[in-house]
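Open the model in your viewer and keep the sequence panel beside it. This tour goes from one selection to the next.

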Amino acid sequence: MEQFAHPAGGDRCTSISIRPELWRAIAGDHWTLGRSDVYVDARVDLLHRRLLRAGRTGDVHFALAEEIVRLVAVAAVAASRARSRSHRRGGIPDHVVAAAARAAVLDDEPDSDGLIPLAGRFGVSPFALSRAFSAVMGVSLTRYRNRVRVGRALERIENGDRDLAGLAADLGFSDQAHMTRTIGAHLGETPTALRTLLSA
């Protein structure tokens, strides 16, 4: 978060820097800047708020990445003269992309630790992967991945795992607090409470 001082007071803004190859993956190779400023309508405002919220979860590689990709894609389209071609997936049907992503997450494959590497694995843009997965599965890729990790946490807790910090690290959470928040969001319980529930 950066603040800029102006005569009438300070503004708060979010600055996002994106590598050129990721920009092309989101906006497309034929993207043309139509103007340098973008009107922040209610949709962009909501996406920005979701991005800030995702940034506080600690899930940088999925939750935050997914929200950044959504915001940048909408802003790129708004600022371009012609609609971006990045929404096309080169003829790959949504259900095929979603099934491949689902399998990668379930199998804990190497590129499944982030939205951007996972999209690169399938040769689609991160925005296309995110949209396809949500359309087919009815939930975001982030929520699905977290659901898988919560299930794995439940199994380990039920089997007597007491090292919550180690469990969080093993399951790819940024820290124990991140795991606790995620479990709470899915189950309304803390890991400690689950230990009691599963041992009763």
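Select His 178 and show its neighbours. Leaving out residues up to four places away in sequence, His 178 touches Thr 57, Gly 58, Asp 59, Arg 149 and Phe 173. Contact here means heavy atoms within 4.5 Å. This is a predicted model, where local features need pLDDT of at least 70, side-chain atom pairs count only at pLDDT 80 or more, and totals for chains, interfaces and linings use all residues. Residues are numbered from 1 along each chain as its sequence is written, and side-chain values use heavy atoms, with hydrogens and water left out.

Colour helix α9, residues 176-187; His 178 is found there. Helices are DSSP runs of H or I, at least four residues, numbered from the N terminus. His 178 is buried, at a relative accessible area of 3%. Buried means under 20% relative accessible area, exposed over 50%, and partly exposed in between, with a 1.4 Å probe and protein chains only.

Next, pick Thr 57. In sequence, 121 residues separate Thr 57 from His 178; in space, C-alpha to C-alpha, the gap is 6.3 Å. Now show the side chain of His 178. One of its polar atoms lies 3.4 Å from the backbone oxygen of Thr 57.

Move to Arg 149 and Asp 59, both on the contact list of His 178. They form a salt bridge, with the closest N and O atoms 3.6 Å apart. Arg 149 lies in helix α7 (residues 141-158) and Asp 59 in the loop between α2 and α3, so this pair ties together parts 90 residues apart in sequence. Both Arg 149 and Asp 59 are buried. A salt bridge is a side-chain nitrogen of Lys or Arg within 4 Å of a carboxyl oxygen of Asp or Glu.

How many salt bridges does this rule give? The count comes to nine.

Select Arg 50 and Glu 67 for another. Their closest N and O atoms are 2.7 Å apart. Arg 50 sits in helix α2 (residues 42-55) and Glu 67 in helix α3 (residues 60-79), so the bridge ties together parts 17 residues apart in sequence. Arg 50 is partly exposed, at 39% relative accessible area. Glu 67 is buried, at 7%.

Last stop: Arg 19 and Glu 21. Their side chains meet in a salt bridge of 2.8 Å, N to O. Glu 21 is partly exposed at 43%, and Arg 19 is partly exposed at 47%.

Notes
Helix = DSSP H or I, 4+ residues; strand = E, 2+ residues; numbered from the N terminus. Polar contact = N/O pair within 3.5 Å; in protein donor to acceptor, adjacent residues only side chain to side chain.
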